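Subject: A structure for you to explore

Hi there,

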Amino acid sequence: MSSTAIEVKTKRGIWGGGKEPLKASYGKLMMWFFLLSDIFTFTAFLVTYGAIRFSYPAYSGESADFVSSNEYWPIPEMIFDAFPFIHGIHLPLVFVALMTFILIMSSVTMVLAVEAGERRDRNDVVKWLLWTILGGITFLSCQAWEWTHFIHGTEDGTSLTYINSLNQLVTETVYGANMYVNQYGPASFAQLFFFITGFHGFHVTIGVALLFMAFYEAAVGVYERRGHYEMVEKIGLYWHFVDLVWVFVFTFFYLI
Amino acid sequence: MSMHENKDTIGVLPPNKEKIKRIWRVAGILLFLTLVEFVFAFTMGRGWLLYSIFVVLTLIKASYIMLEFMHLKYEQKGLFWSIYLPLIFLVWLIVALLKEGSEIFLMRW
């Protein structure tokens with residue numbers, strides 16, 4: 001982290017051997033390769049979703065007549081139709097679309113922070129980083145609400161016949177979701193929801209922590225003394241990646 | 001990313017108007033495409049046509065984020081391809097696992 005006055009005067013990005021492979025600094029290149037490995041992880045998650053979904057029958061009737069059952073895979077837009085503070089009104093996907101909007105906007109403010117960093121404008125960097133942190137926290141809060149609603153379920157629940165955690169075949173009304181059973185569809189539907197959006201939310205949480213660090217260091221002038229705002233760029237790459245993943249989650253989990 | 005020589009006196013450069021304008025244009029495209037997806041989800045019948053539209057729009061959005069926001073378009077070609085080419089392996093993973101899923105479906109039902 002600490003850099004001496006001598007380093008400030010050298011060209012940024014030169015590696016230990018005196019060369020600059022691929023015209024990128026060490027940190028940026030490694031961030032890219034880390035993100036590449038993370039792309040594989042998230043693809044594995046989403047492809048698993050696809051494979052498991054294809055192994056279940058699809059709901060064959062009209063969307064409007066959809067009734068939840070663990071016999072077939074649910075239609076996501078009929079499941080995710082709630083909005084905070086508005087009770088009992090069918091608003092399919094509106095809340096998820098709002099979350100997508102928030103995350104894309106926070107990605108935009110991040111890019112503006114990186115742009116400000118390139119011209120070493122401390123005030124602008126701090127301003128845009130603060131907006132990005134705000135966007136990230138808002139997104140996480142939305143996800144917390146979404147999870148709470150998903151876990152608690154609707155008022156009526158769904159009557160299901162399933163094998164419970166004590167290995168008994170039971171028929172009862174199920175409310176909400178857990179890892180064994182859920183009122184929306186087959187057990188793996190809720191399991192995949194928790195794993196995929198949870199792993200993404202975990203990434204967002206780490207991103208917010210990193211943004212806080214960058215915000216603090218930019219505000220107290222660490223990067224100004226260092227002579228460059230490369231840390232903002234690297235965290236920016238990570239943050240855009242989080243947005244990138246959400247674009248895919250939005251399509252493959254919520255829309256299709 | 002063009003590398004800046006660090007000068008002894010660290011001055012603040014004026015905002016790059018053109019670059020900022022491009023950022024907002026890309027933002028507009030991303031939000032518009034999301035809106036299109038959202039509208040299509042309710043105006044079109046579910047089926048392979050709709051799913052193909054979703055996949056295409058998602059890939060367009062993903063490339064805008066990677067090429068513009070993550071700046072990959074302006075990196076060295078070597079870096080660009082070393083990120084891009086490994087993604088080809090994913091195509092096989094997707095094809096293989098979706099096939100696997102439908103085979104399990106046939107076994108089960």
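Below is what I found, going from the whole chains down to single residues. Please keep in mind that this is a predicted model.

**The two chains**

Let's begin with chain A. Its secondary structure comes to eight helices and two strands, and along the sequence they follow the pattern α-α-α-α-α-β-β-α-α-α. The C-alpha trace of chain A spans about 75 × 40 × 35 Å along its principal axes. Of the 256 residues in chain A, 41% are buried. If you take the contacts in chain A between residues at least 6 apart in sequence, 61% of them join residues at least 24 apart.

Chain B has four helices and zero strands, which gives the pattern α-α-α-α. Why is chain B described as more spread out than a compact globule? Its radius of gyration is 21 Å, whereas the globule rule gives 13 Å for 109 residues, so chain B is well over that value. Its C-alpha trace spans about 75 × 35 × 15 Å along the principal axes, and 17% of the 109 residues of chain B count as buried. The domain assignment of chain B lists domain 1 (17–74) and domain 2 (76–109). The C-alpha centres of these two domains of chain B lie 21 Å apart.

**Where the chains meet**

The contact between the chains takes 47 residues from chain A and 48 residues from chain B. On the chain A side, α1 (5–9), α2 (26–54), α4 (94–118) and α8 (230–255) each supply at least two residues. The chain A residues that touch chain B divide into 24 nonpolar, 11 polar and 12 charged.

In soluble globular proteins, nonpolar side chains tend to be buried together. Here, the largest nonpolar core has 76 residues, and those with the most contacts inside it are A:Ala113, A:Val125, A:Leu129, A:Val232 and A:Val249. Helices from both chains each supply at least two residues of this core: α2, α4, α5, α6 (187–219) and α8 of chain A, together with α1 (17–43) and α2 (48–69) of chain B. Which helix gives the largest share of this core? That is α8(A), with 17 residues.

Leaving aside its neighbours within four places in sequence, A:Ala113 is in contact with A:Val125, A:Trp128, A:Leu129, A:Thr132, A:Val232 and A:Gly236.

**A closer look at A:Phe139**

A:Phe139 lies in helix α5 (residues 122–152) of chain A. Is A:Phe139 buried or exposed? A residue counts as buried if 20 or more other C-beta atoms lie within 10 Å of its own. A:Phe139 has 26 of them within 10 Å, so it is buried. Apart from neighbours within four places in sequence, its contacts are A:Met99, A:Ile102, A:Leu103, A:Ser106 and A:Val204.

**The hairpin**

The strands of chain A are worth a visit too. Strand β1 (residues 158–163) and strand β2 (residues 169–174) of chain A pair in the antiparallel sense over six bridges. Along this pairing, A:Ser159 stands opposite A:Thr173 in β2(A), and the bridge partner of A:Leu160 is A:Glu172. The hairpin has five residues between the strands, and A:Asn167 takes a positive phi near 70° in it.

**Two loop residues with positive phi**

Finally, have a look at two loops of chain A. A:Leu93 lies in the loop between α3 (76–79) and α4 of chain A. Its phi is near 65°, a positive value in a residue other than glycine. With 21 other C-beta atoms within 10 Å, A:Leu93 is buried.

A:Arg120 is found in the loop between α4 and α5 of chain A. Although A:Arg120 is not a glycine, it has a positive phi of about 55°. A:Arg120 has 20 C-beta neighbours inside 10 Å, so it counts as buried.

Best wishes

Methods. Residues numbered from 1 in each chain as written. Chains lettered and ligands numbered in written order. Predicted model: local features only at pLDDT ≥ 70, side-chain atom pairs only at ≥ 80, totals over all residues. Buried ≥ 20, exposed ≤ 12 C-beta atoms within 10 Å, placed from the backbone. Contact = placed C-beta atoms within 7 Å. Nonpolar A, V, L, I, M, F, W, Y, C, P; charged D, E, K, R; others polar. Domains from an automatic or database assignment. Core = buried A, V, L, I, M, F, W, Y, C linked by C-beta atoms within 7 Å. Pairing = 2+ DSSP bridges. Rg over C-alpha atoms; globule rule 2.2 N^0.38 Å.
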